[in-house]
Amino acid sequence: MTTMLPKFVLLWTDAVMWALMVALLVYARMVWRSPNLRASWTLVFRDAAAFASAIVLGLCLLLTLLDSVHFRRALTTASTEATAPSVAYDTRTQSLLDVLLADLIDSREATYSRPLAYQSFTLESLTVEGEVRRLPPRLLHGGAHLSDPANQWSGDIARRVAGGLAIGAIVALLLSAWTVRGVARRQGWAWREAVARVWRDDCDIRWRAALMTLTGLCLLAGPALLLMNDYHLLGTDRTGNDVFYQALKSIRTAFVIGTLATIATLPLAVGLGLMAGYFKGWIDEAIQYLYTVLSSVPNVLLIAACVLMVQVYLDQHPELFETGAERADLKLFLLCAILGLTGWAGLCRLLRAEALKLRELEYVQAATAFGVGPWRIIARHLMPNVMHLVLITTVLDFSGLILYEAVLSYVGVGVDPSMNSFGGMINLARSEMSRDPVVWWSFAAAFGFMVTLVLAANFFADGVRDAFDPRARVFRARRTPAPVRAG
Amino acid sequence: MLSAIVRRIGYGVLILIGVNLATFFLFFTVNTPDDMARLNIGGKRVTQEQIDKWKVERGYDKPLYVNAARQGSERYTDTIFWERSVSLFTLNFGRADAESAGDIGHQVSSRMAVSLQLALPLFILQVFASTAFALLLVMFRQTRFDAWGVVLCVVMLSISSLFYIIVGQFFFSRMLRLAPISGYAPGLDAIKFLLLPIALSLFARLGGEARLYRAMFLEETGKDYVRTARAKGLSEPRVLTAHVLRNTLIPIVTSAGGYLPYVFLGSLVFESFFGLPGLGAYVIDAISNQDFAVVRTMVFLGSLLYVLSYIVIDIAYTWIDPRVRLT
């Protein structure tokens, strides 16, 4: 018997996410080498809220990447020696995150259960000591390890929370110590001085805010990790699936839409915007006409029209995908492409105006005088000088798109219903909130995760805008870190 | 002035033609009427007869651009392109694709009244509330109040409008029973159905709008005329309302004017959550029924309103600021 390797499946969005990751690393290297960019990014991290948000977003990115390695398990078939070993693969496409959270997927209950419950939410007719009574039955998995749940439950939860907090605190302390040591090495400070300075928030960037965020996340993650395998941390939904798992999976969907859809706008927005501004004349007229036509249609309607057409196309061509996951992923990918193709007008307008200004500057005229061709001027002289606008717009759009996804899913043109997404969760929560008694946990989970993610994205975007937009700096007197020195 | 308006109307017609060509291409060339019929009838086994019947009922059995079987001008008028695309310009929307939906024009005119009742008060209140809140923040700029106000704005705009609706319905309709959960009644009774959606919608957009307006106000407060106004001894509220507000009106009108089309189109999410029979709910129904004719019509109507509202905004500029001349 040989262990068979799983068959790796590279979904469309996976490929793009990893390509994006590589691009991010290349950009990070570029920032490291260029003093100007480094100064700007230092400004971003001098904003406490932006730095703290970056930590939260980093964690979400990590989850997204874990959820972006997909494979289909090889099925162990009872192979007879005579026949050639043919390998069959599971029809389910799994990701690395699914493997880590395997317990959450397998522990499916019959229906609703409250967060951390050991009993079902609904009553059933059970026979107790010979008489039939309406009682909530025990859950199949949540709290199944307790022999006498009525007495043990609270103690077990308290023990796990305390243990989780302790583990979280230790991990946070180790990570903080490691970070402070790094800071001390870079700055050439002694260990105690480094600790004191980070504590007083007296560094070039706001390490204190970042480490506090990190500690908060560790303290949340510790109990969650200890509780999630034996209980349903955030309860279960109508079909008995773990809500915490759904929320974690939704992060990837939100992240993919936020990044992919903004990236998809860039080629058209940057290319056409710079061309319109640089060439002027009829090219400018044509491009202006194009984006005015595009922006004249209300965005939701345009997206709805495109998504409906894509749906018709996918229904006609079932040969494009092997499994349900691949179909859902292709739909997500096409949704991002549609969002990109319909959403480039705003940035294009902005870049056109900027290119109109830049083309009159001396260095562009000097380049023209030296006989540099128009395409080379656009690529080498205009593009680098509008990159800050592109960066700001990209980061600002990110959070808006996550919110937009929820609305689109509600309207019925969002992601595939089989794919976990915040929009889908809210959609289901709508009917749950009108039940009696109220099923609030799905809604609360979607709310908590989504607001955290969007809030972090917004604060980060504000930091990036303040640091990179020269206009924003003028009337925003920045608070210099910790000017007060007591004693 | 007049010639400028005429020129803008001309450009608007050009844009509408562009929108129409693009939607026609998207709906009839990327996917053929046969594909649409198959999807609309549904089910696995759809016979060609069923498809043909569906197409005849809706007039999709004609040729796309040129009807070679006809004579004279009917060669071009007896086609899908003429009946479904060109005739939109005369506001003749034709029949919906779904079995029960009926005439689109009738639906649009009756539903637009409902959407207006929701969106017009909302539009006016929105501009007032956002301006007032932003002015308050600017009044206390560079203080703790302003800083926390901006944080509040960011938190508010980070919450999806769906959350506002669900929580609002839960508290005000279910717990406190102050307003009906959903529904609509014509006449004065409509007020009690409209109050909650208007309030929630106002609240949902306040954060983003107020933050935007605050940035616009701050841009003005640094200018010389503001310093002059202060130097001559005007109080800060007077400086803000008389001078800064007046000069910020142009960007405010630009940003608020973007919502003008939606005053007529209504809100997709709010109307369907609160069961208001407006145009937004119509679109949602059309999308879930895969009624392409309605979606096409709404795309046209949306861009028509966009073009009209931009002409209105341009005229408003000259009215706000005498220095602006339409060219």
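## A bent helix in chain A

Helix 15 of chain A bends by about 50° at M383(A), and a proline, P384(A), follows within four residues. The bend at a residue is the angle between axes fitted to the seven residues ending there and the seven starting there. Helices (H or I, at least four residues) and strands (E, at least two) are DSSP runs, numbered from the N terminus. The model is a predicted one: local features need pLDDT of at least 70 and side-chain atom pairs count only at pLDDT 80 or more, while totals for chains, interfaces and linings use all residues. Residues are numbered from 1 along each chain as its sequence is written, and chains are lettered from A and ligands numbered from 1 in the order in which they are written.

| Helix of chain A | Residues in helix | Span between end C-alpha atoms | Expected span |
|---|---|---|---|
| Helix 17 | 28 residues | 40 Å | 40 Å |

After helix 15 comes G412(A), with a positive phi near 105°. In helix 17 of chain A, 23 of the 28 residues are buried. A residue is buried if 20 or more other C-beta atoms lie within 10 Å of its own, exposed if 12 or fewer, and partly exposed in between, with C-beta atoms placed from the backbone.

Chain A contains 18 helices and seven strands. Its C-alpha trace spans about 100 × 75 × 60 Å along the principal axes, and 41% of its 487 residues count as buried. Of the contacts in chain A between residues at least 6 apart in sequence, 72% join residues at least 24 apart. Two residues are in contact if their C-beta atoms, placed from the backbone, lie within 7 Å.

The largest nonpolar core has 202 residues, and those with the most contacts inside it include F244(A), A446(A) and V295(B). Helix 9 (residues 243-279) of chain A gives the most to this core, with 21 residues. Such a core is a set of buried Ala, Val, Leu, Ile, Met, Phe, Trp, Tyr and Cys residues joined through C-beta atoms within 7 Å. Beyond its neighbours within four places in sequence, A446(A) is in contact with A247(A), F422(A), M425(A), I426(A) and A429(A).

## Contact between the chains

Between the chains, 38 residues of chain A are in contact with 40 residues of chain B. On the side of chain A that touches chain B, the elements giving two or more residues are helix 10 (281-296), helix 11 (299-316), helix 15, helix 16 (422-432) and helix 17 (441-468). Helix 11 of chain A gives the most to that side, with 11 residues.

Within chain B, Y225(B), V226(B), A229(B) and R230(B) in helix 10 meet V239(B), H243(B) and V244(B) in helix 11.

Most residues other than glycine have a negative phi. L116(A) is not a glycine, yet has a positive phi of about 60°. L116(A) is found in the loop between helix 5 (102-106) and strand 6 (124-128) of chain A, and counts as buried because it has 20 C-beta neighbours inside 10 Å. Q142(B), also not a glycine, has a positive phi of about 60°. Q142(B) lies in the loop between helix 6 (104-139) and helix 7 (144-157) of chain B, and counts as exposed because it has 11 C-beta neighbours inside 10 Å.

How values were computed:
Expected span 1.5 Å × (residues − 1).
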